[in-house]
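Please open the model in your viewer and keep the selection panel at hand.

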Amino acid sequence: MDKNLSFEQVSAEEIDALKELGNIGVAHAASSLSTMIGKIVEMSVPNVILAKISEIHKYFQEKIVTGVVTALEEVENGRSGYLYILFPEAKKLANLLIEDSTLIDSTIMEIGNIISSSFCNAIADMLGIMLIPSPPSLSEDMSVAIIEAIVAQIAEKGDSIIIFETELKEKDNAIDILITLVPDEKFLSYIMKMFGMLG
Amino acid sequence: MEIIVGIGEVKIARSGVLKTIGLGSCVGIGIYESKLKAAALAHAMLPRSNGSKTAKFVDSAVEIMVESLVALGGDKRNLIAKVAGGAQVFKHLTLENLRIGERNVEAVRETLRDRGIRLVSEDVGGNIGRTVYFFASDGRMLVRYSIGDELWI
């Protein structure tokens, strides 16, 4: 991979820019969610991690976690990457939002849909590109096996993932969500271009 | 002693256990030198190398493992291989371009055949994730499924 496209020398400012990108994405998602369920929901991204493929096992475990996977198509270049949204507290989240534990999967699917489309729009706006998300697909397996299968799709043309550690709040309840962006090389170059415009 | 093999990596050991977690569509390829009692484990993501020799790809991962074992004093004739993984973890094929799991497994079989390395056992396919342990002292491989079942191959 081109050295310029590597995250090895990523600066604090660049991490902040990614955090900002994440915060804009989840803020849109939170307002859509609030409208849907009639309760005020807040979301924020307190931390962003840039990881190489070979380090993935440090961030994703063998535990079975419910998640939602969306493929991202860029209008000009086709398949550009994936969003993998993990809900380690899926049951708690579903109960909190709809108070019906029999509908966990469909609730998670809908929340995943809202988050991925909001997130996708925010990224596209910020990068000045057109991104179309595929319908989300529910995944229930070891989170590391899912992320690995996603990463394999871009491995020929990419080596980095971006993990947005996200917190969802409704009144006093806080729930952790993990939003992972798996960009191919081209998509990553757009993100680096955004960094290049900083300062 | 447990040695973790990351995604797209190869590790060699003469004692302890090599471990790779979360094989989805990827394959865990173990090669064991029975006289030397040395083991190599790879976590490869894609079937064929695009020219770069890294353990990301099945063919180059096997090449790296064989070269490393020979460099340690091993003999190609003593090598045996085991493989696990290559699942289809996505239920919706729209997410997956190319049925990578199946193609990875096929690439393992072909690469080993071309190099004259005997594939003694395998646990491949299906639709759930696996974690693999490869024991350096005797070449046993333990496959643990995400749902908790275990299988020795």
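**Numbering and confidence**

This is a predicted model: local features require pLDDT of at least 70, side-chain atom pairs count only at pLDDT 80 or more, and totals for chains, interfaces and linings use all residues. Residues are numbered from 1 along each chain as its sequence is written, while chains are lettered from A and ligands numbered from 1 in the order in which they are written.

Colour both chains by pLDDT, the predictor's confidence in each residue on a scale from 0 to 100. Chain B has a mean pLDDT of 94, with 97% of its residues at 70 or more. For chain A the mean is 87, and 93% of its residues reach 70 or more. Select residues 1-6 of chain A: here the pLDDT is below 50, and the stretch has eight contacts in the model beyond near neighbours in sequence. A contact requires the C-beta atoms of two residues, placed from the backbone, to lie within 7 Å. The model scores are ipTM 0.87 and pTM 0.89.

**The five-stranded sheet of chain B**

Helices (H or I, at least four residues) and strands (E, at least two) are DSSP runs numbered from the N terminus; two strands pair if DSSP finds at least two bridges between them. Select β2, β5, β4, β6 and β7 of chain B, which in that order form an open sheet with mixed pairing. At its edges are β2 (10-13) and β7 (118-124) of chain B, each of which pairs on one side only. Ignoring direction, neighbouring strands of the sheet are turned by 15° against each other on average. Axes are lines fitted to C-alpha atoms, for helices over the stretch in contact, and angles run from 0 to 180 degrees between N-to-C directions.

Val10(B) stands opposite Ala42(B), and Lys11(B) has Leu41(B) as its bridge partner. Towards β4(B), the pairing is antiparallel with seven bridges; Glu33(B) is the bridge partner of Ala38(B) there.

Show helix α1 (residues 58-71) of chain B, which lies across β2, β4 (27-33), β5 and β6 (79-85) of chain B at about 165° to β5(B). Helix α2 (residues 100-115) of chain B lies across β4, β5, β6 and β7 of chain B at about 20° to β4(B).

Next, centre on Ile29(B). Beyond neighbours within four places in sequence, its contacts are Ala42(B), Ala44(B), Ala61(B), Val62(B), Ala81(B), Val83(B) and Val108(B). Ile29(B) is among the residues with the most contacts inside the largest nonpolar core, which has 107 residues; Tyr84(A) and Val151(A) are also among them. Such a core is a set of buried Ala, Val, Leu, Ile, Met, Phe, Trp, Tyr and Cys residues joined through C-beta atoms within 7 Å.

**Two loop residues**

Most residues other than glycine have a negative phi. Select Lys37(B), in the loop between β4 and β5 of chain B, where phi is positive at about 55°. Lys37(B) counts as partly exposed because it has 15 C-beta neighbours inside 10 Å. Then select Lys171(A), in the loop between β6 (160-170) and β7 (173-183) of chain A; its phi is positive, about 50°. Lys171(A) has 10 C-beta neighbours inside 10 Å and therefore counts as exposed.

**The interface**

Finally, display both chains: 28 residues of chain B are in contact with 25 residues of chain A. On the chain B side, strand β3 (residues 17-23) gives the most, with three residues. Six of the seven residues of β3(B) are buried, so the strand is largely enclosed by the rest of the structure. β3(B) pairs with strand β8 (residues 130-135) of chain B in the antiparallel sense over five bridges.

Key:
Buried ≥ 20, exposed ≤ 12 C-beta atoms within 10 Å, placed from the backbone.
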